[in-house]
Amino acid sequence: MKTLIRTVVAGAALATAISACTSAPGGTAPVKQRLQVRLVSYNGCDDMLAGLREHAASNVGQWGFGGPMPMYMTRQKSMEATADTAPEHSTTNTHEAGVDEPDLVKTDGNRIITVAGGTLRIIDTASRKLTGSVKLTKADEPAYAPADLLVSGDRALVLYRGGDIMYKTFAPVGETRYLLVDLSGEPKVLGTIKPQGTYVDARMVGSTVRLVTRSQPDITFPQPKENASEAEMKKANAAAVRRAPLDAWLPKIQITDAAGTVTKKTVDCARVSHPADYTGTSLLTVHTIDLAQGLTEAGTDPISLAADGDTVYGTGQSLYVTSNPRWWWPVPMAAVEDTPQAPATEPDPTEPTPSAKVTLSPEPTPTPTAPPEETEVHRFDIGHPGPPTYVASGKVPGRLLNQYSLSEYDGNLRVATTLNSEAQKTSTSSVYVLKADTLDKVGEVGGLGEGERIYSVRFIGPVGYCVTFKQVDPLYTLDLRDPAAPKVTGELKITGYSAYLHPGGDGRLIGIGQEASEKGRTLGTQISLFDVSDPANPKRLSQMFQKNSGSEAEWDPHAFLYWPKTGLSVIPLNTYEQNKEEIGAVVLKIDDSAVTKLGMIKHPVQRPKDGAYQPSIQRAMVIGDSIWTVSTDGVQVNDATTLAEQTYIPLR
């Protein structure tokens, strides 16, 4: 029986500004002292093997490593135009300016590049025609496997995820691989990297991409004997771990160049580091690839970290990786059953709604003890070519929501977390300020949302905004100008919550989330405009509410388009009424005083042999005077002023 460790978040990693996705309530009084952790290298391969064996053996359970847990998907201008004549255009909505994030579509104004159904396609924005395509998946591979893109000049890097738990299913989605594609003519694959493990995330600064994969030790556990007790099964599994060779942990990489030459490498044990406390159940590997140089020489000298990993954030100079070494603990599992989802939107925040439920075996088993909630933070210097350089490590209580819970400003790192009480019955949230060069704690402010958890965070310069939710939505404004004494300056209580916060005009903040009843029951997507010009008195100026609806932008910021020049905003929106559904994208105008609905954009109904359906719009872009929207079935162009349909380009 292979290891049963599962990947919780396919979007946590190393690089520069992310997505990743974790969420957990949290509480108890703030911890005053600094919780320090040092990242060190092993003293040779023997020391590495001994450490990994011992830590992994102490974390193995009766079923191997870990068990299934709920997974919720979560996801400026960062891409240069290929020519000076490119029309004015929007690009991927990212956390930090100049740090690009992978997404399913990219544009430089002159062309649109997208991957769907296993095929990369190029659309010329002037002629509005498909000008090139290349098939990336093999006949025996699932064409539906999710893929993301990063583009620099005439080079695209296509990132295919691997692993077992993806997009709320337990179905395999193919192997992890990174493909470099030449876009200068008819697109062609220049090379492929196949790392061992699951793709976590990536970031790009300039033409340099840093990718993170998570790999599991390749250990075969013995089949349990009939009537074996839990203790006996754990003992047998621990023995298997202690017999495993170093090669079981060291990540493997296979590189194929344009000529088809295959090079196989293993990460050198001298390039593997570890925090003081770690599980030994997985390694994070960071590949550094300069798209301008290709794959043959790049990506062959990665570094690895003995950590489970969850979230990545970065600037142009710093890369922060957060890792919770106790993210996994043994969970007895007999069967997994699908759980019906609410028809409107993503998880109802009023109570847990996992995508699958675990059915326990009939035999009584002890309930595992929840691990301590604390987040390790590791900082790397990425302000130079090649692999990152380790700088410092620290630790804070609680768990992050996502990459927007982290922000570096003026030599300090701000970290927002939620912490559960030991009894898991109460929670509270805090913001910690750490000195960036040492990750020593400088200051903290706690007591945010007692009994609630963080639903969104945004740091803008010396100011922070935090939304917590259970039944009502407190929007907190934070003054972070004095890092030693951060403080809450204002609070706004309204129904519902904002799952994503975006800077608006001067003194304005845009929130995308769900409206809710006074008892906390979600009712449908809402877009709010907040006046935060007076930090002591935040106000909601306007709200657009669509009953019984959900939007991908609520959990994936890449789906949110805001064009400051005109106040135009486009958001995917699916509305479900009784015996009726409306699928498309809502077009809004957001100015200094109001959110106004301008209309809806819909893609043509598709009529395959097995029945008609309305494609869901996933992304929107402004190019010149037009709005371009993308679904898995096609790309549509609408006039940005009248919303009149101009062109539809099928992708199937």
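Residues are numbered from 1 along each chain as its sequence is written, and side-chain values use heavy atoms, with hydrogens and water left out. Because the model is predicted, local features need pLDDT of at least 70 and side-chain atom pairs count only at pLDDT 80 or more, while totals for chains, interfaces and linings use all residues.

Helix α1 covers residues 45–59; helices (H or I, at least four residues) and strands (E, at least two) are DSSP runs numbered from the N terminus. The 15 residues of α1 reach 21 Å from first C-alpha to last, close to the 21 Å expected at 1.5 Å a residue, where the expected span is 1.5 Å times one less than the number of residues. Its buried residues are M48, L49, G51, L52, A56 and A57. Buried means under 20% relative accessible area, exposed over 50%, and partly exposed in between (1.4 Å probe, protein chains only). Among the elements covering these buried residues are α2 (230–243), β14 (272–274) and β15 (283–290).

The side chain of T285 makes a polar contact of 2.9 Å with that of S304. A polar contact is a pair of N or O atoms within 3.5 Å; within protein, one must be able to donate a hydrogen and the other to accept it, and residues adjacent in sequence count only if both atoms are side-chain atoms. Beyond four places in sequence, T285 is in contact (heavy atoms within 4.5 Å) with residues including L211, P251 and V267.

I122 is ten residues from I112 in sequence, with their C-alphas 5.7 Å apart.
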